[in-house]
Amino acid sequence: MDCQLDMFFLEAVLNGVLLAGLLALLALGLNLVFGVIDVVWICYAELVMIGMYAIFYAYTGGLPFPVAALLGIIGVAAAGALLHWVVIRPVLDQPPINQLLVTGGMLFFLQAVATMAFGIEFRSLGIRLGSTGFADMTFAWSRLLAFVVALAGMLALWLFLSRTFLGTAIRAIAQDRQIMPLMGVDANRIYLFTSVIGGALAGLGAVLMVLQYDIYPQIGLQFGPLIFMICVLGGLGSMVGGFVAAFLISQFIAIGGSCMATEWGYAVAFLFFMVAVFVRPQGLFGAKS
């Protein structure tokens with residue numbers, strides 16, 4: 001009995017690790033945008049929702065899933081650029097509260113448009129990848145695939161930021177927004193390109209989520225608070241912090257859900273977040289102001 005309980009506990013821990021990969025990828029996109037542009041996209045999870053619908057209709061329209069997934073990533077990357085150009089750019093010099101209100105308004109706008117366009121019913125691709133077992137533990141292939149692809153996406157972004165000229169410019173302007181324009185760097189171009197990358201990461205997250213979750217207009221309400229909480233806990237703008245925070249939060253959710261109920265797992269995760277923010281307001285890896 002004890003061995004069986006230990007095995008259940010280990011399975012919960014490993015499933016939490018798999019969930020952390022997806023959450024870390026989603027938080028990475030939001031942290032990248034904030035670190036460079038200094039604006040929090042409250043509506044980031046709604047971009048993921050748009051990508052999920054785009055993939056669903058492309059796939060059910062007859063396209064192979066890889067093609068539908070690629071179109072979804074490109075579409076959400078374009079949506080990220082449009083969001084920056086139409087909504088974010090006009091409020092770049094405004095107080096943070098105005099920026100939060102604008103992106104928060106976009107959250108409700110996108111949800112309302114999706115509800116009117118697609119209805120409130122749940123949709124699913126119907127793709128079943130099955131599961132695999134190991135030592136009396138069971139893991140869904142969709143979660144394993146999402147974890148591997150999420151890690152690959154994060155590694156690709158790290159290589160881009162560290163090994164390319166444009167990536168170096170992005171990191172430089174994130175460190176000092178005032179000096180870099182004086183050195184000939186076109187800040188507006190960097191901001192726009194960063195929004196495209198952030199949108200592409202949201203699109204990649206949509207590809208991984210559409211294999212695991214049903215699609216509906218309010219799915220952003222399920223993941224949006226988690227993504228934002230992870231970014232704040234890790235330290236807004238800190239990619240390493242977001243990665244660590246994603247693993248912490250996912251463990252609370254997975255282990256709490258295994259020992260009690262899923263709702264209790266989320267409750268414990270939010271309680272830990274509140275205590276951590278009281279103790280360290282700047283986040284685990286954030287710099288003191």
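A residue is called buried here when its relative accessible area is under 20%. By that criterion, the residues Q99, T103, G104, M106, L107, L110, Q111 and A114 of helix α4 are buried in this predicted model. The cover over these buried residues includes α2 (44-60), α3 (65-88) and α9 (219-234).

Helix α4 itself spans residues 96-118, a run of 23 residues. From the first C-alpha to the last, α4 reaches 33 Å, which is close to the 33 Å expected at 1.5 Å a residue. Just after this helix, G119 adopts a positive phi of about 80 degrees.

P95 lies in the loop between α3 and α4. In sequence, P95 is 29 residues from P66, while their C-alpha atoms are 42 Å apart in space.

## The crossing of α2 and α9

The crossing of the two helices is right-handed.

On the α2 side, the contact involves A45, E46, M49 and M52, and on the α9 side I219, G220, L221, G224 and I227. Sorted by class, the residues of this contact are six nonpolar, two polar and one charged.

Key. Residues numbered from 1 in each chain as written. Predicted model: local features only at pLDDT ≥ 70, side-chain atom pairs only at ≥ 80, totals over all residues. Heavy atoms only, no water. Helix = DSSP H or I, 4+ residues; strand = E, 2+ residues; numbered from the N terminus. Expected span 1.5 Å × (residues − 1). Buried < 20%, exposed > 50% of the residue type's maximum accessible area, 1.4 Å probe, protein only. Contact = heavy atoms within 4.5 Å. Left-handed = near helix turned anticlockwise from the far one by under 90°. Nonpolar A, V, L, I, M, F, W, Y, C, P; charged D, E, K, R; others polar.
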